[in-house]
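Biologist: I am new to this model and would like to get to know it through one part. Could you start with its charged pairs, look closely at where they sit, and then walk me out into the surroundings?

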Amino acid sequence: MHALLESVKAQCALQFSFGPEAVALKRRMARHIVPLPEVQRKLVLELCGLEAPYPSEPGGHALAGHRMPDIDLLLLDGRPASVTQLLRGRHFLLLDLDGTGRQFADLDVQGLPVTVLQARAAHAPAAMDQVKALLVRPDAYVAWASDGLARPGEVQAQLARWLKVAA
């Protein structure tokens, strides 16, 4: 939150300064800096409050607390889907990316706002190369991730943590 407030303060200082130097700087930035795609991306993420990750558990996966990339998935039933499409139901998304479809076979999520799917990732970023399981929050942030098969009780503990239910 501190970084967002600092950004807003800096933007206000620039936007509401009307001296000749400030106007020259604004024009130069508008012409040469702001049109750069990476600058635009950074500004959008910053202004939407999406640049900084949420705090995650110590020792947790590097993806935890970060926005989930909108990767394309091939569900084990053969249907293609994107993470964004799957999150439209506003439920948590528990993804078994192991490819066997058995990782969460014994998990009971009945009555919980959780969609469990088995899939394979297509064109995933390098940070997801080894990921075998993911719990994605409805706001598209990664709540939990694992590079190996989930240990017994691990997923239940994460669901209990995020959904405030008994493990």
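**Charged pairs and their surroundings**

Modeller: Searching the whole structure turns up 4 salt bridges, where a salt bridge is a side-chain nitrogen of Lys or Arg within 4 Å of a carboxyl oxygen of Asp or Glu. Side chains of opposite charge can pair when their charged atoms come close. Please keep in mind that this is a predicted model, in which local features need pLDDT of at least 70 and side-chain atom pairs count only at pLDDT 80 or more, while totals for chains, interfaces and linings use all residues. Residues are numbered from 1 along each chain as its sequence is written, and side-chain values use heavy atoms, with hydrogens and water left out.

R137 is buried at 12% relative accessible area, whereas D139 is partly exposed at 31%. Here, buried means under 20% relative accessible area, exposed means over 50%, and partly exposed lies in between (1.4 Å probe, protein chains only).

Another pair joins E6 and K9, with 3.4 Å from N to O. Both belong to helix α1 (residues 2-15), and because they are 3 residues apart, about one helical turn separates them. An α-helix has 3.6 residues a turn, so residues three or four places apart point the same way. E6 is partly exposed at 36%, and K9 is exposed at 53%. Helices (H or I, at least four residues) and strands (E, at least two) are DSSP runs numbered from the N terminus.

In the pair of R79 and D77, the closest N and O atoms are 2.8 Å apart. R79 is partly exposed, with a relative accessible area of 46%, while D77 is exposed at 53%.

A140 has a positive phi of about 75° although it is not a glycine, and at 12% relative accessibility it is buried. The strands β5 and β6 run antiparallel and are joined by 4 bridges; two strands pair if DSSP finds at least two bridges between them. Within this pairing, L135 stands opposite W144 in β6.

Strand β5 also has β3 as an antiparallel partner, again with 4 bridges. There, L93 has V136 of β5 as its bridge partner. In a regular strand the side chains alternate between the two faces of the sheet. In β5, A133 and L135 point one way and L134 and V136 the other, and all are buried.

What packs against these strands? The buried residues of helix α5 pack against β3 (92-96), β4 (114-122), β5 (133-136) and β6 (142-146). In α5 (residues 154-163), those buried residues are E154, V155, Q158, L159, A160 and L163. Just after the helix, K164 takes a positive phi of about 55°.

R90 is one more residue to look up, in the loop between α4 (83-87) and β3. Its phi is near 60°, a positive value in a residue other than glycine, and at 66% relative accessibility R90 is exposed.

For a contrast to the charged pairs, look at I33, V34, L36, L43 and L47, which form a nonpolar surface patch with about 380 Å² of accessible area together. Patches are made of residues with over 30% relative accessible area and no salt bridge, with like charges joined within 9 Å and nonpolar side chains (Val, Leu, Ile, Met, Phe, Trp, Tyr) within 5 Å. Accessible areas come from the Shrake-Rupley method with a 1.4 Å probe, and for residues only the protein chains shown count as cover. L43 sits in helix α3 (residues 37-47) and is partly exposed at 31%.

Finally, step back to the chain as a whole. It has 5 helices and 6 strands, running α-α-α-β-β-α-β-β-β-β-α from the N terminus. Buried residues make up 31% of the 167 residues. The C-alpha atoms fill a box of roughly 70 × 35 × 30 Å along the principal axes.

Methods: Contact means heavy atoms within 4.5 Å.
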